[in-house]
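Dear colleague,

Here is the structure I said I would pass on. Please look through the sequence and the model first; my notes come after them.

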Amino acid sequence: MNIIKFLLRNSRGLALLAIIAGVLSGTSGAALIGLIHASLGAGPGALLNLQWQYAALCVVLLLTQYASQVFVLRLSQGAIYDLRLRLSKSIIDAPLRGLEEAGSPRLMASLTGDAATISAALINVPIICINVATMLTCLVYVGVLSWQLLVGLLVFMALSIASYRLTVRKAMRHLKSARAEADTLFAHFRAIIEGNKELKLQRRRREEFYDEDIKTSAATVRQHNLRGITTYILADGWGRLLYFIFIGLLIYVVPRMTAVTVQDLTGYILIILYIRTPITVLLNVIPSFSEAQVALQKVNDLGLSLQKEIGKERPALTAEVKAAWNTVELDGVMHAYSTDREEGNFVLGPIDLTFRPGELVFLVGGNGSGKSTFAKILTGLYVPEAGEIRLDGRPVTSETRDSYRQLFSAVFSDYFLFERVVASDDPDLDARAHEYLVNLQLDHKLRVEDRKLSTTALSQGQRKRLTLLNAYLEDRPFYVFDEWASDQDPLFKRVFYTQLLPELKARGKAVLVITHDDQYYHVADRVVKLDYGHSVPGGYDAQPSDMELAYA
Ligand SMILES: Nc1ncnc2c1ncn2[C@@H]1O[C@H](COP(=O)(O)OP(=O)(O)OP(=O)(O)O)[C@@H](O)[C@H]1O
Ligand SMILES: [Mg+2]
């Protein structure tokens, strides 16, 4: 998508106003030069009249310039706002698998780096508009003065633009490479923040990481940027040179070839000197557009569609939560992670399973057997590549998937704890939250006020318990816990398995618990075992008594 199209998409009316004001201001600028030119050769009587015209034109110039800049400023700020919202929304809505494949450094680079680059270019738009308008009206004025002069000027401008375009292509290549390397650099930045402890403890790793990874990446970005921008500077210098050659021809060559009065020549040179400023400004800000074009391309390459309509909200989600349901069936469901490597590609399924309300199911299996993958499929976060999921006999489709997801409250092993507890209109939410905090033995640590946690600076296990607070408050019909208890102390583990889970079951909730805690398997109604992506034959649809046999 083109950056200008992006800018104009929302507010064509405002753009029209800005253009009108820009043309007016450009015209008054050119008129001012014409007036100066006329005044230079005028007698004292005419000067008296001209001075008022001059003053009036100054005021018009000021006002129209102000108006056009403000209009375009509104336009560009509106586009930046729109860009930020669209980018966030398209990341929220993008399929989870796609996001995982893109990786968080690339996504962060887009949200911060690319968005900032595009914004910077959009901020330049007012400058460009006003200068284009000034340049065009000046050209018209030059044409009025002398058509030969206009032709000469246009030829020189065409020459400078053509040579500029030639160099721009080369510059773009470097800027693109710089941007690609910036992704790697972002990944390193993330590592120095998230891997700070490890880096501090291991000097060798720290030095190696700093010297070989960060330095190399930063240097590559610098090198490509230097080359790209130097090419622009060269192009800019060449443009200036052509310009002065043109003025030189006017002063030194033209008078020898044709009769031209000093008065006319002064007029020509005045306007040509005046037109130089907009041209230089334009040449200077255009690189920011090439950079923005690269950034926009990057955003599109991520598969994040900025075309989508925003503001089309779905009906209230709470209304979609299905309170009464009978079965969730997985029928021949499969998922494969596609990687570049042929060997070791993981395939989950085909899996056939049925879940019902009031049922407590444990999912067990070795590391890498596909339990977390299964949880993402069950909750509708991954779309099965084969087979289907049915809710009360009706297949879940792309239209109904979001509603289907609202059935679940899940705590994944890589959970994220939001500061604000779940959205709800319940006026007693804070009080209810307090009750649950007491249950979770966290009431002495924090409070919930206006739906916000007073702190999230807690121990790992305590933070994990807070995820249960959300799960309880959400009050969804189906709970999924991915190794929830792994970092809990033995006491609270016991509370979780023997008190909290049976309570959920008693309230009619379906609960899927991914666990390695074999001492509590007897709590489950059913234990499903995964082995290299396959549910073990016989399904372990076993009562606690059979289970020991199964695990012998
Ligand atoms: N993001 C990913 N990209 C590619 N392959 C993946 C990805 N995540 C997992 N896998 C593959 O899928 C397999 C199953 O992973 P999964 O996380 O579902 O296992 P798990 O049973 O939850 O293991 P654990 O007990 O360690 O949590 C792994 O062996 C791995 O090869
Ligand atoms: Mg897992």
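Predicted model: local features only at pLDDT ≥ 70, side-chain atom pairs only at ≥ 80, totals over all residues.

The threonine

T64 is part of helix α3, which covers residues 44-93. Its relative accessible area is 11%, so T64 is buried, the cut-off being under 20%. A polar atom of the T64 side chain lies 3.2 Å from the backbone oxygen of L61. Leaving aside residues up to four places away in sequence, T64 touches A21, L24, S25 and S28.

Aromatic pairs

There are 20 aromatic pairs in the structure. One of them joins Y404 and F408, with 5.2 Å centre to centre and 70° between the planes, an edge-to-face arrangement. Both residues are buried: Y404 has a relative accessible area of 3%, and F408 is at 6% relative accessibility.

Another pair is W484 with F496. Why does this pair count as stacked? The ring centres of W484 and F496 are 4.5 Å apart and the planes meet at 25°; planes under 30 degrees apart count as stacked. This pair links distant parts of the chain, 12 residues apart: W484 sits in the loop between β9 (478-482) and α15 (490-506), while F496 sits in helix α15 itself. W484 is buried, with a relative accessible area of 1%, and F496 is also buried, with a value of 1%.

W484 and F496 belong to a cluster linked by ring pairs, whose members are F362, Y479, F481, W484, F492, F496, Y497, Y520 and Y521.

Arginines over rings

F492, a member of that cluster, has R465 over its face, at 4.0 Å from the ring centre. R526 lies over the face of F355, and there the distance from the ring centre is 5.7 Å.

The second largest pocket

The volume of the second largest pocket is about 940 Å³. It is lined by 38 residues, of which I161, Y164, L282, L283 and I286 are the closest to its centre. Which helix gives the largest share of the lining? That is α6, with 10 residues. At least two lining residues come from each of α1 (3-8), α2 (12-40), α5 (104-145), α6 (147-194), α8 (203-257) and α9 (262-301).

Regards

Key:
Residues numbered from 1 in each chain as written. Chains lettered and ligands numbered in written order. Heavy atoms only, no water. Helix = DSSP H or I, 4+ residues; strand = E, 2+ residues; numbered from the N terminus. Buried < 20%, exposed > 50% of the residue type's maximum accessible area, 1.4 Å probe, protein only. Polar contact = N/O pair within 3.5 Å; in protein donor to acceptor, adjacent residues only side chain to side chain. Contact = heavy atoms within 4.5 Å. Phe/Tyr/Trp six-rings, centres within 6.5 Å; stacked < 30°, edge-to-face > 60°. Lys NZ or Arg CZ within 6 Å of the ring centre and 35° of its normal. 1 Å grid on protein atoms, 1.4 Å probe; cavity = no way out; pocket = protein on both sides within 12 Å on 5 of 7 lines; lining within 4 Å. Points joined across faces, edges and corners; volume = space filled by probe spheres on them.
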